[in-house]
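Please walk through this structure from its overall make-up to single residues, keeping the model open beside the text.

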Amino acid sequence: MLPEISDLIHRSAVFLPGDPARSGRIALWQTDGPGTDTRPWAGAGSFEQLTVVTTDLRRTTVRALVLTMDEALPVLTRARARAETAADGGSAAFWGAAALLALRFAARGKLLPGLSPAGHDAWRIGPLEAADLHEVRALAAAMPPTARCVPLDPEGSLDPEGSLGPEGPLGPEGPPRLPAAEALLRAFLDAVADTLPRSPAATAAAGGPAFAARPPEHRPDLRDWAAEVAAGHDAGVRISLRIELTGEPGRAPEAAGTAGARAVAGTAGDTAVPEASEAPAAAGTPEAPEGFRAVLQMHSPADAALVADAADVWAGSGAAAAAFPPGARLDALRALRRAARLWPPLAPLLGAAVPDAVELADEEVTELLGEAAAALAADGVQVHWPRGLVRGLTARAVVATPSPKRPGSPDPQDAAGSALPSGLLSPGALLSFSWRHALGDRGDLTPAELDRLAEANRPLVRLRDQWVLIDPAEARRARALQDRTVAAADALAAVLTGSAEIDGERVGVDASGAVERLRALLTGDTPEADDETAAPPGLRATLRDYQLRGLRWLARMTSLGLGACLADDMGLGKTVTLIALHLHRNRPGAATTGPTLVVCPASLLGNWEREIEKFAPGTPVRRFHGPARRLAGLTPGTGEFVLTTYGTMRLDAPALAATDWGLVVADEAQHVKNPRSATARALRTIPARARVALTGTPVENDLSELWAVLDWTTPGILGRPGTFRARYAEPVESGRDPQAAARLSALVRPFLLRRKKSDPGIAPELPPKTETDHPVSLTGEQTALYEAVVRETLTAIAEADGMERRGLVVKLLTSLKQICNHPAHYLGAGDGGTTGGSRSGKLELLDELLDTITAEGGSVLVFTQYVTMARLIERHLSARGIASQLLHGGTPVARREELVDRFQAGEVPVFLLSLKAAGTGLNLTRAGHVVHFDRWWNPAVEEQATDRAYRIGQTQPVQVHRIIAEGTVEDRIARLLERKRALADAVLTGGESALTELTDAELAELVALRPAAGSGR
């Protein structure tokens, strides 16, 4: 049992270092009378006599409780927590603060291996950055006297601070010498670091014996290895290289180094150089310097900003000698030896009596401009170049209309052009990449200057009265770059993202002339993008502000010959916006007249026809569907709507492709999310002056669906499927490349407009929506079936592989979901029982919900992914005398429209719907309740289904009920879906297909039946 914290904060505490560090101890004693504490702490520590210095500067002996480090850490941290509200935390609270600091360092991985002074294996805190050292020193400065009041013995090694008192001897043993605060604190931090990895908790966290507690090892043979580790981190000095020009014309010879130690502003960059090498050669001097040399610099271990030439430290005089400890030279040589392994030109310094400087050949300087400097920097050795040098070239690609001119000289006619040339984005159109190379901030290089850099074949060239430091191979590559032509879609993608991958490297991209004007139009960076397109006169509707903005955006995109995807939430009026676009494009005098083809699911044909008649009365509209379908009499000037289904379009694609369409619209465009499907391939064969996709879920499962939609609206804008997958989809979905996500967002944003009901100001008139999860328990029959299916199928899965295994996993998940719904759903025709709610917790809850809803005169939509279950519910409700109707994928179009009209008229209170067949396109605002009887794998699909009721036109609050079988696979899937739902409009993983890749153990964990809370099972 640990002591009371209220007692602990009134105790004095000191740290007693040990070797190895983990053998250090914490001693505590009472401050109200030495030697009076005789109460033992059960199982914690032991009592010892300890000599301390009292506050009146006298030595005395106290009876102290001595704790090992693992015993002391929880005591000290609790003392620190209590001291935050106590008047005086004392030295125990101070060591508690030190313990918390050590724990924070350890949590950040600040642990280094090494040997103690006696040769024992030991961990220590490190490496510490400048901010870490500042925190340590600030805490050491706050150390109370009682925290270090144990005098050092004559052999003490913790940097004694001298006499505690101002005058002579304070006792019979002479003036007590106490350990320096910072040295004692560092020893304590190392003791914590050496204790934590050996604790039982560390063993469990590591998952193996690597950090297990074990006896100390005495390994003096590893002394050199430990010294190498220390020298490479914060225990020893750090070295750097200062590059100087030698024999430069117009300059006096410069000294080998600077005198003494100096503070340098910034120790890791091109500007940290000595004053003697800052000035460039005299203006107008064409000759290059004779060569280069690397001067070895040393950085003080106490202050990283304090730097001196190695020659000065070796001389041992002046400020340099005082700034570096006696072992600094040995530490520097160790660091130099590691650096020489990484870059051999430093090897001559190791054999020199004084490692001051080494002459460098041109090719060695070239190496330092590339991989050599990166390798040295990774080992902590920075390379500093003279301030007067300009390093390297910056290159940006410039996209313009094709020009025969040389790279770096854009076509002035293109730059001055204000109109978008016709055919700029037509299929097969090409744009050119030219190049602009810049020298620092001196502007673009001329072709002659680029030639001079390439022909010099040296890493240092005089240009524009400056010395330019450049890899000769880089200069030759820059000169060799020629204009290249690329597809217009690829070029447009490059200017929208601001970069492109060329020859394996990512370079910045600018636009010029007409291409720049197009970019500004698409991104809204020009006043032209803020057009004042008004609702067309023939529209019999008042567009909301966001709908009018959508119309203007669609009008601008389609007038440019570009496609667009309107991805507003379901129920925000995409249909009326598209009707307005059709009227706008076919207004008198417009150049974009032509019939509009709308391809949609069969269930939406009637809705489209009614919406056109309502909002654009008098506009010709025909259905291209059924046995009597025809296109005869369709002329470009009529401005007619033609409505067809995806199935009919697939069958009659050649006839549709032979028509001159002004606009082709794919409604519920997620139906063609698989670009390899016959439907998607057929849709791509139908030409049009513009294409528009309408969908509330541009991404249901993964980013390939987004590619399929946008590659149909604007072919080529996202590249080829494999390229898109490697460049965007995989990096974004894995979350490993935020830049890829930003580039994809910049590329997609101009072509996809998405607004949500929850966005401010979008649909303030919508009533509230409440979502509730209803967990239900399985009945005894369901439980027995569930456990039997899990047991039998997991056994079969363990013995299968490949496609057979995947098929078994899908079968298992489907069976379990059917059992969760109702035993009769799983057993099928062989079930001899009733369909009553007593056999299913879900059906029993549905009965309760429907009784309440119908008693209040309400209406409800009940969605299930299984038509079989919907029929079972229909029979069950009929037996209970509750009127209902069922819509599924096999319901004829005319019958669908009749069912919708009956429900909206209030004739039937319960509408049973198949999720896939009725989750989109229907307007069912009569419903004030939506029930999801079982869970789909994707929250976006469920939200679309909910939006059949929760859409513009809804006047009553909508309550969404999700029924979940508690403790089952459905319960675990529900939690996964909640995490997906929080990532609205982000990437969603696949459904059952993704779960087929689980290991046997992961699958067993997913489907295991767990007791429901409070069930007592």
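Two strands are said to pair if DSSP finds at least two bridges between them, and the strands themselves, like the helices, are DSSP runs numbered from the N terminus (E and at least two residues for strands, H or I and at least four residues for helices). The model is a predicted one, in which local features need pLDDT of at least 70 and side-chain atom pairs count only at pLDDT 80 or more, while totals for chains, interfaces and linings use all residues. Residues are numbered from 1 along each chain as its sequence is written, and side-chain values use heavy atoms, with hydrogens and water left out.

The secondary structure of the protein comes to 38 helices and 35 strands. Of its 1017 residues, 52% are buried, where buried stands for a relative accessible area under 20%, exposed for over 50% and partly exposed for what lies in between (1.4 Å probe, protein chains only). When contacts (heavy atoms within 4.5 Å) with a separation of 6 or more are considered, residues 24 or more positions apart account for 71% of them.

Strand 1, residues 11-16, has six of its six residues buried, and it runs antiparallel to strand 2 (residues 25-30), to which six bridges join it; R11, for instance, has Q30 as its bridge partner in strand 2. In a regular strand the side chains alternate between the two faces of the sheet. In strand 1, R11, A13 and F15 point one way, whereas S12, V14 and L16 point the other way, and all of them are buried. Another antiparallel pair is made by strand 5 (residues 111-115) and strand 6 (residues 121-125), which share five bridges, and here L111 has I125 as its bridge partner. Five residues lie between the strands of this hairpin, in which G119 takes a positive phi near 95 degrees.

Because its relative accessibility is 46%, A319 counts as partly exposed. A308 is eleven residues away from A319 in sequence, and the C-alpha to C-alpha distance between the two is 9.0 Å.

A helix-helix contact is found between helix 17 (residues 488-497) and helix 27 (residues 738-748), whose axes come within 8 Å and cross at roughly 115 degrees; such axes are lines fitted to C-alpha atoms, for helices over the stretch in contact, and angles run from 0 to 180 degrees between N-to-C directions. On the helix 17 side the contact involves A493, L496 and T497, which meet R743, A746 and L747 of helix 27. The residues of this contact divide into four nonpolar, one polar and one charged, given that Ala, Val, Leu, Ile, Met, Phe, Trp, Tyr, Cys and Pro count as nonpolar, Asp, Glu, Lys and Arg as charged, and the others, Gly among them, as polar.

Strand 29 is joined in the parallel sense, over two bridges, to strand 23 (residues 564-566), where C565 has L752 of strand 29 as its bridge partner.

Strand 26 (residues 641-645) of this sheet holds T645, which is buried because its relative accessible area is 5%. The side chain of T645 makes a polar contact with that of T648 at 3.0 Å, a polar contact being a pair of N or O atoms within 3.5 Å of which, within protein, one must be able to donate a hydrogen and the other to accept it, and residues adjacent in sequence count only if both atoms are side-chain atoms. Leaving aside neighbours within four places in sequence, T645 is in contact with V599, C600, A602, L605 and H625.

The loop between strand 24 (596-600) and helix 21 (605-615) contains S603, which is also buried, with a relative accessible area of 7%. S603 and L922 are 319 residues apart in sequence, yet 7.7 Å apart in space, C-alpha to C-alpha.

The other open sheet has six strands in the order 30-35-34-31-33-32, again with parallel pairing. Strand 30 (769-776) and strand 32 (884-887) each have a single partner strand, so one side of each is left without a neighbour in the sheet. Within this sheet, strand 31 (residues 860-864) and strand 34 (residues 929-932) run parallel and are joined by four bridges, with H932 as the bridge partner of F863.
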